[in-house]
Amino acid sequence: MSSPKKSVERVEPVWPVVDVKQVDRLDVCPQGEVCFSLVRRADGWGVVQHGWNGTLEADPEKVETLLNVLKQDKAFRCLGSVEGGSVAEYGLEKPRVRIDVGGGHEQTVVVGSRNPSGEGFYALNSKAKNSLFLIDKDFVSRCEFPAEHYYNLFLLPGQPDSVQSVSLGHGGSVSWTLIRRKGSFQFSFPAPLSGKTASDGDVDLFLHSLLEVPAKGLVVHGPGADSKLAVNIEISMPGNKVQTLEVFEPDGEDGLYTARSSSQSGFFVLSKEHFEQLDKQAFAMQQRNVVSVATGKLGSVKVVQGNQTFIGVKSDKSWINFEDKKPLLGIDMSLWRLNELKFEAEPVATLSESSEKVMDLDLLDENGARVVKVSFFSDPELPTGQCWLSLGDGSGYYPVSDKLLEDLQGQIPLRK
């Protein structure tokens with residue numbers, strides 16, 4: 001008896017992946033774009049390219065995305081061996097993208113043209129010499145970005161929760177300073193606001209615009225010699241790390257602002273809308289809520305408008321009309337909006353003769369004791385859309401939006 005011959009299997013070359021832990025440099029040449037390098041540094045990654053002085057800060061997440069692509073096997077199969085002049089047949093003479101990996105793991109990846117079926121792209125890998133591969137389209141789409149794609153466009157580094165203090169000035173001076181104390185920010189400057197609590201919502205929005213909203217782009221050259229400094233910002237992080245940002249008035253008619261950051265070698269370009277999110281006066285950062293009421297503890301509301309009086313009573317967590325016991329909708333929402341109402345300018349001690357009382361709103365607890373009384377006044381001298389609000393406690397008259405007053409007048413069933 002004769003034993004069958006054992007077949008000999010030919011092992012195809014496998015697409016070599018990159019050991020990203022050993023990579024300290026990536027030289028990238030996308031087709032039609034200027035070549036650039038991504039260089040690993042002790043504190044992250046930098047972008048090196050012709051025409052720029054120094055190394056630009058790179059977005060670490062975008063570099064990480066590129067590294068993740070290089071360390072994955074994105075090849076469908078090996079198509080055989082390719083040598084000499086035949087590389088032009090596959091678009092490898094003028095590659096779509098070329099990446100040279102440097103460091104402890106040197107490797108070169110060259111991507112050519114798309115194959116006729118559109119399934120993928122032809123590619124070479126220096127670790128599998130002369131072997132022609134067909135790689136996934138996803139590999140190419142995530143690797144052929146120009147240098148601009150890797151720029152770190154965030155104005156300052158860090159997370160909002162890590163900011164210990166923030167100062168803002170205009171024209172180089174300091175307009176206000178906030179210091180984090182027990183989780184909230186308080187004013188330490190200017191003196192009249194020292195110790196007062198800042199508005200959590202406005203601080204959150206400001207820090208979001210400063211740390212989490214990217215600029216439109218980076219440019220080599222800064223503002224012109226005649227450009228005026230519009231806003232200067234300084235933040236401190238744990239370990240007394242200080243970062244600064246200076247924003248200059250627009251030079252041209254495009255309305256774009258130029259900014260210089262302590263964390264980036266180039267100059268940021270900001271839109272007008274982005275600048276306005278940063279250009280905040282101390283007044284805008286104050287805690288400007290006039291009323292703070294625990295609405296869940298209220299038992300009734302009393303409204304007086306002219307010679308008419310209306311009483312609403314809470315019954316089983318809902319509101320009803322005291323007279324006819326009909327349900328009242330939207331009272332809880334109106335009370336929430338009252339707590340959220342902010343004054344639009346500093347309060348005044350007295351009102352002008354042109355003002356006129358429109359409504360008194362008494363908020364009472366379950367035992368009928370007054371929690372707070374709010375009075376609304378109209379005044380033609382106020383800007384359109386505003387009215388006066390007073391608590392009757394001597395704190396003054398606050399200019400506020402008249403939208404809540406209008407809604408209450410439509411909501412409360414007073415007699416016509």
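Is Cys 78 buried or exposed? At 9% relative accessibility, Cys 78 counts as buried, because the cut-off for buried is under 20%. The model is a predicted one.

**Cysteines**

- A disulfide is a covalent bond between the sulfur atoms of two cysteines.
- The count here comes to 1 disulfide.
- That disulfide joins Cys 29 to Cys 35, with an S to S distance of 2.1 Å.
- The torsion about the S-S bond of Cys 29 and Cys 35 is about 120°, so this disulfide is right-handed.
- Cys 78 is in no disulfide. The nearest cysteine sulfur belongs to Cys 143 and is 19 Å away.
- What keeps the sulfur of Cys 143 from a bond with the closest cysteine sulfur? That closest sulfur is in Cys 29, 13 Å away, which is too far for a bond. A disulfide needs the two sulfur atoms within 2.5 Å.
- Cys 29 is partly exposed, with a relative accessible area of 23%.
- Cys 35 also counts as partly exposed, at 42% relative accessibility.
- Cys 143 counts as buried, at 0% relative accessibility.

**Helix H7**

- Helix H7 spans residues 403-411. Leu 404, Leu 405 and Leu 408 are buried in it.
- These three cover an arc of only 100° around the axis, which puts them on the same side of H7.
- An α-helix has 3.6 residues a turn, so residues three or four places apart point the same way.
- What do the buried residues of H7 pack against? One partner is a helix, H6 (331-340).
- The other partners are strands: E22 (356-365), E23 (370-378), E24 (386-390) and E25 (397-401).
- Leu 408 turns up again below, in the lining of the largest cavity.

**The cavity**

- Rolling a probe the size of a water molecule over the atoms shows where empty space is left.
- How many cavities of 30 Å³ or more does a search of the whole structure find? The search finds 1.
- About 60 Å³ of space lies in the largest cavity.
- Its lining is made of Val 301, Val 303, Ile 331, Ser 334, Leu 335, Leu 361, Leu 408 and Ile 412.
- Strand E18 (298-305) and H6 are the elements that give two or more residues to this lining.
- H6 supplies the largest share, 3 residues.
- By class, the lining of the largest cavity has 7 nonpolar residues, 1 polar and no charged.

**The pockets**

- The largest pocket has a volume of about 530 Å³.
- It is lined by 19 residues. Those nearest its centre are Pro 60, Asn 152, Leu 156, Pro 157 and Gly 158.
- Two elements give two or more residues to the lining of the largest pocket: strand E3 (44-49) and helix H1 (60-70).
- This lining divides into 8 nonpolar, 6 polar and 5 charged residues.
- The second largest pocket has a volume of about 160 Å³.
- Which residues line the second largest pocket? They are Arg 98, Thr 108, Val 110, Leu 124, Asn 125, Ser 126, Ala 128, Lys 129, Asn 130 and Ser 131.
- Strand E7 (107-114) and strand E8 (120-125) each give two or more residues to the lining of the second largest pocket.
- The classes in this lining are 3 nonpolar, 5 polar and 2 charged.

**Backbone details in loops**

- The peptide bond from Phe 189 to Pro 190 is cis, with omega near 5°.
- Where does Pro 190 lie? Pro 190 is in the loop between strand E12 (184-189) and helix H3 (200-211).
- Asn 240 has a phi near 60°, a positive value in a residue other than glycine.
- The loop that holds Asn 240 runs between strand E14 (229-237) and strand E15 (241-248).
- Asn 240 is exposed, with a relative accessible area of 71%.
- Lys 325 also has a positive phi, near 65°, and is likewise a residue other than glycine.
- Lys 325 lies in the loop between strand E20 (318-321) and strand E21 (327-328).

Notes. Residues are numbered from 1 along each chain as its sequence is written. This is a predicted model: local features need pLDDT of at least 70, side-chain atom pairs count only at pLDDT 80 or more; totals for chains, interfaces and linings use all residues. Side-chain values use heavy atoms; hydrogens and water are left out. Helices (H or I, at least four residues) and strands (E, at least two) are DSSP runs, numbered from the N terminus. Buried means under 20% relative accessible area, exposed over 50%, partly exposed in between (1.4 Å probe, protein chains only). The arc is that of the directions from the helix axis to the C-beta atoms. Contact means heavy atoms within 4.5 Å. On a 1 Å grid over the protein atoms alone, a cavity is a set of points where a 1.4 Å probe fits but cannot get out, and a pocket is an open set with protein on both sides within 12 Å along at least five of seven lines; lining residues have an atom within 4 Å of a point. Grid points are joined across faces, edges and corners, and a volume is the space filled by probe spheres set on the points. Ala, Val, Leu, Ile, Met, Phe, Trp, Tyr, Cys and Pro count as nonpolar, Asp, Glu, Lys and Arg as charged, and the others, Gly among them, as polar.
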